[in-house]
Amino acid sequence: ITGTIQPNYLSVSGVRNTLLQAAPLGILAGAQTILLLTGGIDLSITMIATASAYVAANQSPNGAAVAILFGLVVGLVVGTANGVGVAVFRVNPLIMTLAMSAILLGLFTGWTQTILQGSTQVADFIRLLGGGSFFGNRIPYSVVVWLGVAIILIWLLRRTGWGRLIYAIGDNEVAVRLAGVRVWQVRISAYAAAGVLGSIGGILLGGRTGMVDLQLAGAFLLPSIAAVVIGGTSTFGGMGGYTGTILGAL
């Protein structure tokens, strides 16, 4: 219907624009997929993305590899902190991640005036990954990154013991605990993985725009959750998968 009303929607450039928007959204939604399968959620994922992009911009003068590495470390550290709060100290995921989002916003609001001052432009390679295309300017590089993330995530959830535990915890945490599984370790690893995915999405967003600010990923919070739910993953945990999330993001 949209293609009938607006023919450019289904043109090569229209599809490319859709993919450019969907790639970072799909990666952020991948983080939410993991957590929703466990019965959790991450309301700090967009601030993780923004923080990672800011750090990547700050480190861009040292090279794209260093910038990306430091950006991923931000997601790993913050995601792990979320996991410790939820799994060890039993803080409700909504409260823990909402508080983390506020903490990150406060920290980076201050740091952008001090240690991160002037760190707004990302490296050329990151700009290429986030906004560049190949094959006659038809296929965005960010889609290739998304494809790699999707393959790894689908494999982890479907083919590994970690993935089976993610589903099991979301379905019946008490039974999993009584079976001898250290549930807190699995939850921490899930939040850490979500944090890394948030960093990847944020770095791609920074590359797409070429510059970063504190509102970089803010508009993606609710869509990242909606894409998961549209894709068929239950908000109560234990049911769904990333394949549906991909369709939801698109």
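Is V77 buried or exposed? V77 is exposed, with a relative accessible area of 52%. Exposed means over 50% relative accessible area, buried under 20%, and partly exposed in between (1.4 Å probe, protein chains only).

The model is predicted: local features need pLDDT of at least 70, side-chain atom pairs count only at pLDDT 80 or more, and totals for chains, interfaces and linings use all residues. Residues are numbered from 1 along each chain as its sequence is written, and side-chain values use heavy atoms, with hydrogens and water left out.

**View 1. A nonpolar patch on the surface includes V77.** Its members are L69, F70, V73 and V77. Together they have about 360 Å² of accessible area. Such areas come from the Shrake-Rupley method with a 1.4 Å probe; for residues, only the protein chains shown count as cover. Nonpolar side chains (Val, Leu, Ile, Met, Phe, Trp, Tyr) are joined within 5 Å, like charges within 9 Å. V77 sits in helix 4 (residues 64-87). Helices (H or I, at least four residues) and strands (E, at least two) are DSSP runs, numbered from the N terminus.

**View 2. Helix 8 (residues 161-171) has buried residues.** These are G163, I166, I169 and G170. They lie on the same side of helix 8, because they cover an arc of only 125° around the axis. The arc is that of the directions from the helix axis to the C-beta atoms. R164 and D171, on the other side, are exposed. The cover over the buried residues includes helix 2 (12-37), helix 7 (141-159), helix 9 (173-178) and helix 10 (183-209). Contact here means heavy atoms within 4.5 Å.

**View 3. Y54 and F108 form a tilted aromatic pair.** The structure holds three aromatic pairs. In this one, the rings are 6.4 Å centre to centre, with 45° between the planes. Rings of Phe, Tyr and Trp (its six-membered ring) pair if their centres lie within 6.5 Å; planes under 30 degrees apart count as stacked, over 60 as edge-to-face and the rest as tilted. Y54 lies in helix 3 (residues 45-59) and F108 in helix 5 (residues 93-111), so the pair ties together parts that are 54 residues apart in sequence. Y54 is buried at 7% relative accessibility. F108 is buried at 5%. Y54, F108 and W111 form one aromatic cluster.

**View 4. F134 and Y141 also form a tilted pair.** Their ring centres are 5.0 Å apart and their planes are at 40°. F134 is partly exposed, at 29% relative accessible area. Y141 is partly exposed at 27%.

Notes. Patches are made of residues with over 30% relative accessible area and no salt bridge: like charges are joined within 9 Å, nonpolar side chains (Val, Leu, Ile, Met, Phe, Trp, Tyr) within 5 Å. A salt bridge is a side-chain nitrogen of Lys or Arg within 4 Å of a carboxyl oxygen of Asp or Glu.
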